[in-house]
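Please read this briefing alongside the sequence and the structure.

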Amino acid sequence: MSNDVADRVKKIVVEHLGVEESKVVNSASFIDDLGADSLDTVELVMAFEEEFGCEIPDDAAEKIVTVQNAVDFISENV
Amino acid sequence: MRRVVITGLGMVSPLGSGVDHIWSRLINGESGINKIEGFEVSDLPSQIAGQVPVGETADGKFNVEEFVPLKDRRKLDPFIVFGMAAAQQAIEDSGWEPPNEESQFRTGVMIGSGIGGLQAIANGALLLEEKGPRKLSPFFIPSALINLVSGQVSIKYGYKGPNHAVVTACSTGAHAIGDAARLIMLDDADVMIAGGAEAAVCRLGIAGFCASRALSSGYNDAPEKGSRPWDQGRDGFVMGEGAGAVVLEELEHAKARGATIYGEVVGYGLSGDAYHITAPPADGNGGFRAMSAALKRAGISASDVNYINAHGTSTPLGDEIEFGAVKRLFGGNDNLCMSSTKSAIGHLLGAAGAVEAIFSIKAIKEGVVPPTLNLENPSEECRGINLVPLEAQERKIDIALSNSFGFGGTNASLVLKAFR
């Protein structure tokens, strides 16, 4: 399950941020490592919600700053 | 006053992408007006428009990949994409790259739009209604704002000088070039990227202009015949989309770096009708005063003008009124000709003035005047001036004037001159 989640999360990150797949490792920070700005991260969270059919509250969204954070949240809550 | 010259040209229009390609098709008498594609029009009175042809650059078509990276595209309404593309072409054509921060401070952008992100707003409103506020993109607002063409271009190229955007409906492009030239004349900048961008050929845009009874509705089965300025069969304007941008530069700045100089911005006149939101006054005094002011600023007389690129939208009322004002001001100038390039590409609203200023500069540079397509039977009231019907004419053009008139009664005239 979590591998599947990680793959889907990474695919979304690659598409939305236009970055090389190889750079989207679990520890990568959206802003520090992948060139996102604060609006990009808002949109990323919306894309995760769409992909996984869930709702990510704002206070939880603020804590999703790396690929691993996203995988963890989705694995635990969906 | 410092002198301002044009050193770069860029354009995206219904005749394609790139000034040279568009110009050759224009001179060839080709039309960019077609049956509308991409959205439902069966219930709309007007079903034709000039839409930007998408395809390979080598074929003269618009390839978005050359201008905006994939990841940024969904953040940008099409009007911003068109504006960025025209600006990129103009900047590359000019060869201008600020060599240091001081040069960045002296380079600015003034690209406006008549309506702005209409498609983004329309889609955003539907999304809000259907799925609620949480589904609205964080990029919705910066995708819709008119000044975001200027903003995006400045960010992309590091231009830190004046950053501004004109919004004067169909006069936008002309006002942008005139106002940006003044910023250079007044020493607020040395280089300005100026122009207009529009992408209102969408269901809401067409339906809206249909509601105000402004669009042609009688040529849905013969789209290329729909835009016919001064012709007896005209019945409204045809919508177009695209963008035009020029690089304006202080003369000595351009000379010092050996830039190609296309021509000089010598005159600019503005006026207001103070009459009606969509109709000009019958005597055309607003247009007359804008043209007079532009001639005065240029320090020339009416007999010095060789070519007028008319506002000429193909509306029953507007064409005759502009014609009357021109005749009143330029009567006796036997060397004058006037054409409407909207006959080939439709009315690009906020981009029109910029696109038409570029056509005027090309007419000067190439010694060819673009035709007024579909002008088969001029109205009785539109006779006595060479309106360049149907086919381009070779003529020596030293000075050209370009008119733009907008809803709200806002008028602008530019006077452009060969550089010698």
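Contact here means heavy atoms within 4.5 Å. By that rule, ten residues from chain B and 15 residues from chain A make up the contact. This is a predicted model, in which local features need pLDDT of at least 70 and side-chain atom pairs count only at pLDDT 80 or more, while totals for chains, interfaces and linings use all residues. Residues are numbered from 1 along each chain as its sequence is written, chains are lettered from A and ligands numbered from 1 in the order in which they are written, and side-chain values use heavy atoms, with hydrogens and water left out.

**Interface of chain B and chain A**

- About 1,100 Å² is buried between the two chains, with carbon and sulfur atoms giving 46%; buried area is the accessible area (1.4 Å probe) that two parts lose on being put together, summed over both.
- On the side of chain B, the most area is lost by B:R74, B:R134 and B:P138, together 51% of what that side buries.
- Five salt bridges are found across the interface, each being a side-chain nitrogen of Lys or Arg within 4 Å of a carboxyl oxygen of Asp or Glu.
- A:E49 and B:R134 form a salt bridge in which the closest N and O atoms are 2.2 Å apart.

**Nonpolar cores**

- The largest nonpolar core has 52 residues, and B:I6, B:L9 and B:F359 are among those with the most contacts inside it.
- Such a core is a set of buried Ala, Val, Leu, Ile, Met, Phe, Trp, Tyr and Cys residues joined through side-chain atoms within 4.5 Å.
- Helix α14 (residues 352–366) of chain B gives the largest share of this core, nine residues; helices (H or I, at least four residues) and strands (E, at least two) are DSSP runs, numbered from the N terminus.
- Leaving aside neighbours within four places in sequence, B:F359 is in contact with residues including B:M11, B:W23 and B:I345.
- A second, separate core has 30 residues, including B:F82 and B:A243.

- Buried means under 20% relative accessible area, exposed over 50%, and partly exposed in between (1.4 Å probe, protein chains only).
- B:N63, in the loop between β4 (48–50) and α2 (70–73) of chain B, counts as buried because its relative accessibility is 13%.
- B:R213 is not a glycine, yet has a positive phi of about 60 degrees; B:R213 counts as exposed, at 71% relative accessibility.
- B:L390 also has a positive phi, near 65 degrees, and lies in the loop between β13 (368–369) and β14 (393–394) of chain B.
- At 41% relative accessibility, B:L390 counts as partly exposed.
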